[in-house]
Every structure is written in C-alpha cells, then in structure tokens.
Amino acid sequence: SAYGFTEWYGQIDGTHRSTLVSDPTRIAAQIVTGIGFLGAGAIFRSDDGVRGLTTAASLWMMAAIGLAAGAGYYELAVASTVLMLLVLVALRQVSGRINAMNRGEQTPLEVIVSGPASIGAVLDAIASSEGHVSNFTASVLRRDRPPRRLTFDLSLPADESVTSMLGRLAL
C-alpha cells in the first residue's frame, strides 16, 4: 500500500519536494487489522483437528486482491483471483481423496434398539472402531413400546468393513 497510492502525494510550490497530503497506508493497516480479526474467528480447534484455515487464508487473499484492485493493479488482481480459485479447487479434490482414504465411504444405516439405554452402546461400538456418525436421528417406533429407530450415516476407517460393524452392533 505504500507504493500503490502515489496520486495522494503532492508538490509544494513547484519544487521537487513531496509532502504527504494523506497517509494512504492507514487504509491497508485497517484492512489488515479487520481481516486478521475475521480470520481468527474463522479458525476452530476441535478434537479431530483444526478447521477453517482455508477460509481464513481465503479471507486474507481476498483482502489482498481488493487492495490491489483499489490501487489500480487490475491485472495482478485478476491473475491472483484466478490462481486462488485454481488452488481452492485443487485443495478440495485433494481433501476429498484424503478423507475417502482415511474414513472410507459413508453408509446410511437404520438400527432398531431395545430402548434409550441401548443408544449409548451402539455409539460406543462405533467409536471403538474409530468410526464417525453424521445426520443422526432417533425416533420412537410406537408410543407404548420402548424400541427406538436410529438412522445415521456411518463412516468407517478403510480397514474396517460395514459387515463387521453390523456384526458388533447385533450383539
């Protein structure tokens, strides 16, 4: 930003001394502060890792592209945008392949359990094989009976089969 705003500089009395009419670097400083705050808010740490790093990096990149476009460097802004989009598409594909290798495919399952206490046993069996559950719902089959219907998507490690997991759940 120090070199992108030369039109803000002026001359006094026709001499070659330039004086600063305004400090254009303050614009960039405020953008860096704001994007740093937003980027930090986009990053979350959980038990299975850190999420939001790509989002935070994309926020920073978009701020830099905006500053370049605002300074009149349109070619740089367009080239940076295209490069960023290519990298994000490539990262999405690589991430999908890594997740598929580590967790295997998601399998939709429906399990009938004898009562509310059995729900924990099902989830413990899945957790013991390092499986992951998503889209979990539990519903009552009949109001006067205790059985429950559990529906969820199951992701297992690549070395674990759904058949062996179903065998453990049947016990």
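**Note on the predicted model**

1. Arginine 168 is found in helix α5; helices (H or I, at least four residues) and strands (E, at least two) are DSSP runs, numbered from the N terminus. With a relative accessible area of 33%, arginine 168 is partly exposed, where buried means under 20% relative accessible area, exposed over 50%, and partly exposed in between, for a 1.4 Å probe and protein chains only. Not counting residues up to four places away in sequence, arginine 168 touches Ala125, Ser128, Ser129 and Glu160, a contact being heavy atoms within 4.5 Å. Its C-alpha atom is separated by 7.1 Å from that of alanine 125, 43 residues apart along the chain.

2. Basis of the values. This is a predicted model, in which local features need pLDDT of at least 70 and side-chain atom pairs count only at pLDDT 80 or more, while totals for chains, interfaces and linings use all residues. Residues are numbered from 1 along each chain as its sequence is written, and side-chain values use heavy atoms, with hydrogens and water left out.

3. Confidence. The mean pLDDT of the protein is 78, and 78% of its residues reach 70 or more; pLDDT is the predictor's confidence in each residue, from 0 to 100. Where pLDDT is low, the predicted coordinates should not be read in detail.

4. Overall arrangement. The protein has five helices and seven strands, and along the sequence they follow the pattern β-β-α-β-β-α-α-β-α-β-β-α. Of its 171 residues, 20% count as buried. Of the contacts with a separation of 6 or more, 54% are accounted for by residues 24 or more positions apart.

5. Helix α1. This helix (residues 25–42) has 18 residues and reaches 26 Å from its first C-alpha to its last, close to the 26 Å expected at 1.5 Å a residue; the expected span is 1.5 Å times one less than the number of residues. The buried residues of α1 are Ala28, Ile35, Gly39 and Ala42. They lie on the same side of α1 because they cover an arc of only 50° around the axis, the arc being that of the directions from the helix axis to the C-beta atoms. On the other side of α1, the exposed residues are Arg26, Gln30, Thr33, Phe37 and Ala40. The buried residues pack against β3 (44–46), β4 (49–51) and α2.

6. Helix α2. Its 18 residues reach 26 Å from first C-alpha to last, close to the 26 Å expected at 1.5 Å a residue. Ala56, Ser58, Ala63, Ile65 and Ala68 are buried in α2. Serine 58 counts as buried at 18% relative accessibility, and, leaving aside its neighbours within four places in sequence, serine 58 is in contact with Met84 and Leu88. Glycine 72, which follows α2, has a positive phi, near 95°.

7. Strand pairing around β7. Strands β5 and β7 run antiparallel and are joined by eight bridges; two strands pair if DSSP finds at least two bridges between them. Leucine 109 has phenylalanine 152, in β7, as its bridge partner. Strand β6 (residues 132–140) is also antiparallel to β7, with seven bridges joining them. Here valine 133 stands opposite leucine 154 in β7.

8. Aspartate 153. This residue is placed in strand β7 and is buried, with a relative accessible area of 17%. Leaving aside its neighbours within four places in sequence, aspartate 153 is in contact with Gln106, Thr107, Pro108, His132, Val133, Ser134 and Asn135. In a regular strand the side chains alternate between the two faces of the sheet.

9. Nonpolar core. The largest nonpolar core has 13 residues, of which Val122, Leu150, Phe152 and Leu154 touch the most other members; such a core is a set of buried Ala, Val, Leu, Ile, Met, Phe, Trp, Tyr and Cys residues joined through side-chain atoms within 4.5 Å. The elements giving two or more residues to this core are β5 (106–113), α4 (116–128), β7 (148–155) and α5 (162–170). Helix α4 supplies the largest share, four residues. Valine 122 is in contact with Val113, Leu150, Phe152 and Leu169, leaving aside its neighbours within four places in sequence.
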